[in-house]
Amino acid sequence: MRIIFLLTLIWTSLVALPAQNTGILTGTVKDKLTQEPLIGVTIRLEGTEVGAVTDVSGAFRLANIPPKSYNVQATYLGYIPQTRYNIIITTGNTNQLNFELEPDSKALQEVVVSENRSVRIASIETPLSVQNLSVEEIKSNPGGNFDISRVVQVLPGVGGVSGTGAGFRNDLIIRGGGPSENVFYLDGVEIPVINHFTTQGAAGGPTGMLNVSFIEDATLSASAFGARYDNALSSVLQFRQREGNPERFQGNLRVSASETALTAEGPLGRKNGKTTFLASARRSYLQLLFKALGLPIRPDYWDFQYKVTHRINSRTTLTALGIGAIDKFYFEAPDDASPENLYILSAVPGVNQWNYTQGFTLKQLIKNGYWNLTLSRNALDNRLDQFADNNDGKQDDESKRILGINSRETENKLRFDFNRYAGVWKFSAGAMAQYVEYRNDSYTRLRAEVRDSLGNIVEPAVEQRFNTAIDFFKFGLFGQLSRTFLRERIGLSFGVRADGNTFTDDGANLLRTISPRFSVRYALAEKWALNASVGRYFKTPLYTVLGYRNAAAELVNTDQPYIRSDHYVAGVEFVPQPFLRFTLEGFFKEYADYPVSVFNGVSLANQGGGFGILGNEEVLASGGGEAYGLELFAQQKLNRNLYFTTSVTVFRSRFSNLDGRLTSSAWDNRYLLSLLAGYKFGKNWELGVKYRLQGGVPYTPLDLEASQRNYLAIGTGLPDYNRLNTERLNDFSQLDIRVDKKWNFRKWTLDVFLDIQNALNTVNPAPPSYTFKRTEDGSAFVTTDGKPVAADGSNAIPVLLENTEASLLPSVGLIVEF
């Protein structure tokens, strides 16, 4: 109660601050197909007389704008009008807005079908299963702490990892696929790691790395991927960054409950607008918060991000971007030696990571098109340490070591794509080459040694220890051809790509990975459209799988084929207003050649939702799977002060394991419901609400006998894989609320926000955790005979921790724009 009272006092003391002055909006307008600047485009703020016209470079500037939210419209003869919604004007920062208009082939003809595409973001290549979130929808996301990865979870078919932290992890479960099946792009540069404390091989983690101040929008494709994208089985998530302010230096300071971030931008060199920069640094202080709360975990991180754009001439642009992080997840002895706190010390590994992605893109405009040449490098250095019975949190007793990983993976990538437009035809093609390096010094204790009363070994210890280093090349080709018919009533697109590598047995055979995809769009009427797509997609086996060596130091997974997923999707789209869109889609995904663990017989498709490493073992490519369901989606951009995104998904997700039977996967929620909504009040007040409901996921019950024998050696209970996913958790739900208030002064803006995570204080369900009963101070185990606990735990008293606590987290933060 004292925390809530203090937050209320801080909030109310700021309400009386004065506000005044005006803001500026700048930006550019380009032809979407050719990327050429458009001259003479009319830019207008809806509901006002404020407007401007683009100059010879396609740029515009609107000044003396009263600070608040606007919808901004761009209109140009021969092009489809476009509206950008919820554009917030402040005095602190110049807002930058970029339009890409599509030519309207019907503009000078008799109009038969006239589509309004302001709320649509689908393309002829990807006419369905694609959604978009604007920067303002991301920034105002309640409970998200400006985390782009988290706000994506409100989109249709997107779930979190229920049962292992759905309320605080960013793993993306798309249409029942695993968290390792997604790929991420930042301005066309692939970024394998987008989360701090990432799970190697799966990309998930507790908090995102991307700075929302850089982002213009985020687009998620859950199927019908363009042929230019490789390695995606479930989704492609693209983040588009804006450019730095070409006119003056500006920035913002953001302080929230868990971190502080500083962002700066402006022109570089001469003030001619040719070179601009964006740069940021962010520091976490979660370790201080967790210490104050008496928890034993200490997550600590830094991240850095930049973008530099240089216009060599009117047709050539060079962009450099980078993002990196330093993460440390360590432990200290808890003040409260509760069973839950002591369990964390044994069950969760300490993490020491760093990662970065650095990319350069050269973009050249040509007649009726453009090409991109991208060179990038990314690296992840991952060190994991886990110890059993680690009461003091020091992690220095080697006799208790459960896990030791010292791994690094590096990719050097060269990509080229060529894009050409001619009338109703659109063509793109390209190629990519990568040089991959992977090394791992690994130790894992899987089972303890079991002896009888005479000291004879009944069950030998199971350990994995190996040191590996591999390197190889990856390569791929793609082409895509699209065309419209009947005055754009029908759109057809066909693409194909093939990928290979020099490491696996059949990896160089491109015929094995030919992946065709076909999509069609049919406009039934002015506001209705039918869409469908079918495609085959492939993914390279995980580096952690390819680099694994057995006890004889042999690479045993070189026979792994590419994982395959076939998608079949159909749906209907209804756009009754320029700002309102509804979609209904049905999907079916079929998997083949999924790796299955030789050790426990479980498909890797069921894994990857926790801390650690995925795929560090011998596997067989015998797994299959399927996911199918229906999605209903509705999105309203800002209209009459209200915007919202809501969706309902019902689905099934099943994968086969070593026995070949399809069983419910670890991601089989059965149903998902989400709502993200915001309302703009007067005087720059805003209310945001987010609600998520996920059906309970299956989990594997514990093998109580094996858990008792092994607990002292491995620090956790052992699942009974003979009963894989036969139990199911309760539903997960969470309501988050956020209130923002902005004050605009002469040259700076103050935004203060109150954020309440889990406002209903609901429990995040999780499977029970296995431990032994301890003494009051937690220093020793209680036994049935009063003697020290036996190595096989036979005289210990097992305890199941039910994980029934809920956490309501109110916080106040602020953003200063200058």
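## The main core

Ile138 and Phe239 touch the most other members of the largest nonpolar core, which has 36 residues. Such a core is a set of buried Ala, Val, Leu, Ile, Met, Phe, Trp, Tyr and Cys residues joined through side-chain atoms within 4.5 Å, with buried meaning under 20% relative accessible area (1.4 Å probe, protein chains only). At least two residues each come from helix 2 (135-139), helix 3 (148-151), strand 11 (182-186), strand 15 (215-221), strand 16 (235-241) and strand 21 (316-331). Helices (H or I, at least four residues) and strands (E, at least two) are DSSP runs, numbered from the N terminus.

This is a predicted model: local features need pLDDT of at least 70, side-chain atom pairs count only at pLDDT 80 or more, and totals for chains, interfaces and linings use all residues. Residues are numbered from 1 along each chain as its sequence is written, and side-chain values use heavy atoms, with hydrogens and water left out.

## Around Phe239

Setting aside neighbours within four places in sequence, Phe239 has contacts (heavy atoms within 4.5 Å) with Ile148, Tyr185, Leu186, Asp187, Leu210, Ile215, Asp217 and Ala218. There's also a second, separate core of 19 residues, with Leu25, Val41, Leu45 and Leu101 among them.

## Helix 7

Helix 7 spans residues 704-714, and its buried residues include Ala706, Tyr711 and Ile714. The buried residues of helix 7 pack against strand 24 (401-422), strand 25 (425-447), strand 43 (769-772) and strand 44 (798-801).

Note on methods
Buried < 20%, exposed > 50% of the residue type's maximum accessible area, 1.4 Å probe, protein only.
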